[in-house]
Amino acid sequence: MAMSSRLVLCLAVVAACAASGAVADWSPATATFYGGSDGSGTMGGACGYGNLYDQGYGVDNAALSQALFNDGASCGQCYLIMCDTSKAPQWCKAGTAVTITATNLCPPNWALPSDGGGWCNPPRLHFDMSQPAWEQIGVYQAGIVPVLYQRVRCWRQGGVRFTVAGLNYFELVLITNVAGSGSVASAWIKGTNTGWIQMSRNWGANWQSLAGLAGQALSFAVTTTGGQYLQFQDVAPAWWQFGQTFSTYQQFDY
């Protein structure tokens with residue numbers, strides 16, 4: 001069966017399951033949109049990815065409510081989302097689904113009730129999607145729709161990338177383009193003259209180390225939230241400088 005035929009069949013099954021209420025492994029949530037019709041307003045964000053085009057994530061992205069964001073531990077994760085036609089058939093585009101990457105936080109709005117504008121208030125599960133992604137599943141005039149979602153494997157072009165920022169004895173490492181689980185559970189850094197130094201999450205997808213590693217070649221090790229561990233040896237040469245990004249040829253499966 002051709003890929004396009006399989007996709008149509010899968011979406012038809014998903015839509016039928018949603019209509020009947022028999023959806024296994026799917027969780028209910030709600031979704032709104034932001035960032036403009038071209039998604040340019042979604043650049044940057046609380047994960048620290050900056051330009052989402054340059055980082056390989058594009059505009060199929062979303063800001064997660066606090067309950068889903070998990071203090072940045074969900075950055076880079078991928079979610080398959082479809083509009084719940086059983087609850088809002090007039091606002092859903094039936095038979096469609098979109099896979100998004102978590103790139104931002106949708107912060108709580110305590111001035112509004114959770115069911116009246118405070119869509120990202122805990123404990124709500126909510127996706128504030130880029131407008132281009134949202135309009136693949138919902139009718140623009142709806143503004144907010146009920147959805148069903150599940151975490152799925154992330155697919156990325158090329159290998160994992162490391163951007164080293166900081167100053168003197170402080171390294172701030174942004175880890176991007178992670179496939180498989182998409183998100184990082186733990187990370188280490190190693191200089192030519194050191195052993196492995198465990199880093200801690202600073203914010204979003206940024207990990208920090210308090211070690212003076214200037215003048216040493218850098219290696220990294222990462223464990224994804226899926227539990228896969230990889231070492232990235234000699235990623236940065238000894239003459240690396242703060243602000244540089246280093247690409248690898250290694251990638252995660254889970």
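Is N177 buried or exposed? N177 is buried, at a relative accessible area of 1%; buried here means under 20% relative accessible area, exposed over 50%, and partly exposed in between, using a 1.4 Å probe and protein chains only.

## About the model

This is a predicted model, where local features need pLDDT of at least 70 and side-chain atom pairs count only at pLDDT 80 or more, while totals for chains, interfaces and linings use all residues. Residues are numbered from 1 along each chain as its sequence is written, and side-chain values use heavy atoms, with hydrogens and water left out.

## The cores

A nonpolar core is a set of buried Ala, Val, Leu, Ile, Met, Phe, Trp, Tyr and Cys residues joined through side-chain atoms within 4.5 Å. The largest one has 30 residues, and Y49, L64, Y79, I81, I100, F127 and M129 touch the most other members. Elements supplying at least two residues each include β1 (27–34), β4 (98–106) and α3 (131–134); helices (H or I, at least four residues) and strands (E, at least two) are DSSP runs numbered from the N terminus.

Take F127: leaving aside residues up to four places away in sequence, its contacts (heavy atoms within 4.5 Å) include A29, L68, I100 and Y149. Another core, of 23 residues, lies apart from the largest one and has M199, A211, F220 and V235 among its members.

N177 sits in the loop between β8 (170–176) and β9 (184–191), and its phi is near 60°, positive in a residue other than glycine. D234, also not a glycine, has a positive phi near 50°. D234 belongs to strand β14 (residues 229–236) and is exposed, at 57% relative accessibility.

There's a cis peptide bond too, running from P122 to P123 with omega near 5°. P123 is in the loop between β4 and β5.
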